[in-house]
Amino acid sequence: MTTSFTTIKMTYAEAACAALREAMQADSNVIALGEDLGRGGVFGQYRGLQEEFGGDRIIDTPISESNIMGSAVGMALAGVRPIVEMRVIDFALCAIDEIVNQAAKNRFMFGGQGRVPLVARMPIGIWSASAAQHSQSLEAWFAHIPGLVVVTPATPQDNYGLLKSSMASGDPVIYMEHKELWGTPGEVDTTVAVPLGVGKRLAEGNDVTIVTWSRGVGVCMQALEQGAFGNVGGVKPDIIDLRTIWPWDRAMVMESAARTGRLLVMHEAVQVAGFGAEIAASAAEQTGCKVKRLGSPRIPVGYAQVLENESRLSVDKLIAATQALLKQ
């Protein structure tokens, strides 16, 4: 971790670790629990925290996701502010009842007398050569559940700022870091607040609106850096990183879609019933814009590289989808 004037250069993992460290220093009720946290977590996102705060606040648990999540819900109702580590979202499915039927519904069912201020970290996305049970993107599942906040940071800056905002939320947050972004470096300004529900414009243009999040942000930035949009008549896209799936920045997306008249939604999740469908339908209803979606085919992610690539986003796929939309 290196310092440079007003910002700090951190990796995606270091940024999240720094945000959690600051929260734990400020509030003794903030704790973290999950498997292998004492050794820093699977991706190093808890490195050094157990040595600093002890095993009573950075808690190593048995391998039982339902037990981990159930304990965290109880802690949250009792006034603790737990960070729940699920290792990867694929494993979190073992804790789905505690998330959907307990954490998400408590505030509503008891008239606000109970709050569940937990943050469930569930890394999403394709994990190279890890195959179908370790490479899922299930943000649409949780966006469908009333009572849950759903967050998908794409950069070190956002992983720092959005984790801080999530810990301050007061409601259960499904926090979805991407499995292949942990080592990504970037400048982090620790004075910048990143509120929930506010998107970020990555590029300004009037020809087509592109909405994405998580790993899709890197693909869009790669396309810009390569000048790839020059292959579709030099169009200038308006590119938006949604950052939070629920609540999502409807105002930013609708303004852009109404202005450009065309909307492409791109995500690594399976295209069928993905959250992109909600955005596309909402924009079509409100603005009348032409819409297109780009997501993974409805197949399990393959282990072989050639099969895995079928599910991955790429600059070529982005440009082909943009070109098809412009022809509509």
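**Salt bridges and helices**

Guide: Let's start with one side chain: R107 is partly exposed, with a relative accessible area of 39%. Keep in mind that this is a predicted model.

Visitor: What does R107 form a salt bridge with?
Guide: With D171. The closest N and O atoms are 2.8 Å apart. R107 sits in helix α6, and D171 in the loop between α8 and β8. They are 64 residues apart, so the pair links distant parts of the chain.

Visitor: Is D171 buried or exposed?
Guide: D171 counts as buried, at 16% relative accessibility. The cut-off for buried is under 20%.

Visitor: How many salt bridges does the whole structure have?
Guide: A search finds 16. One of them joins R21 and E52, at 2.8 Å from N to O. R21 lies in helix α1 and E52 in helix α2, so the pair ties together parts that are 31 residues apart in sequence. R21 is partly exposed at 21%, and E52 is partly exposed at 39%.

Visitor: And R121, what does its side chain meet?
Guide: E177, in a salt bridge of 2.7 Å, N to O. R121 is in strand β6, and E177 is in the loop between β8 and β9. R121 is buried, with a relative accessible area of 0%. E177 is buried too, at 1%.

Visitor: Which residues are linked in a network?
Guide: E35, D36, R39 and R87 are linked by salt bridges.

Visitor: New topic. What is the strand order in the open sheet?
Guide: It runs β4-β3-β5-β6-β8-β7-β13, seven strands with mixed pairing. The edge strands are β4 and β13, and each pairs on one side only.

Visitor: How do β3 and β4 run?
Guide: Parallel, joined by three bridges. G34 stands opposite D60 in β4. Helix α1 lies across β3, β4, β5 and β6, at about 130° to β3.

Visitor: Now helix α9. Which of its residues are buried?
Guide: G216, V217, V219, C220 and A223. They cover an arc of only 165° around the axis, which puts them on the same side of α9.

Visitor: Why would residues a few places apart point the same way?
Guide: An α-helix has 3.6 residues a turn, so residues three or four places apart point the same way.

Visitor: What's on the face turned away from the buried side of α9?
Guide: The exposed residues E225 and Q226.

Visitor: And what covers the buried residues of α9?
Guide: The cover includes β10, β11, β12, β14 and α13. Just after α9, G227 takes a positive phi of about 70°.

Notes:
Residues are numbered from 1 along each chain as its sequence is written. This is a predicted model: local features need pLDDT of at least 70, side-chain atom pairs count only at pLDDT 80 or more; totals for chains, interfaces and linings use all residues. Side-chain values use heavy atoms; hydrogens and water are left out. Buried means under 20% relative accessible area, exposed over 50%, partly exposed in between (1.4 Å probe, protein chains only). Helices (H or I, at least four residues) and strands (E, at least two) are DSSP runs, numbered from the N terminus. The arc is that of the directions from the helix axis to the C-beta atoms. Contact means heavy atoms within 4.5 Å. Two strands pair if DSSP finds at least two bridges between them. Axes are lines fitted to C-alpha atoms, for helices over the stretch in contact, and angles run from 0 to 180 degrees between N-to-C directions. A salt bridge is a side-chain nitrogen of Lys or Arg within 4 Å of a carboxyl oxygen of Asp or Glu.
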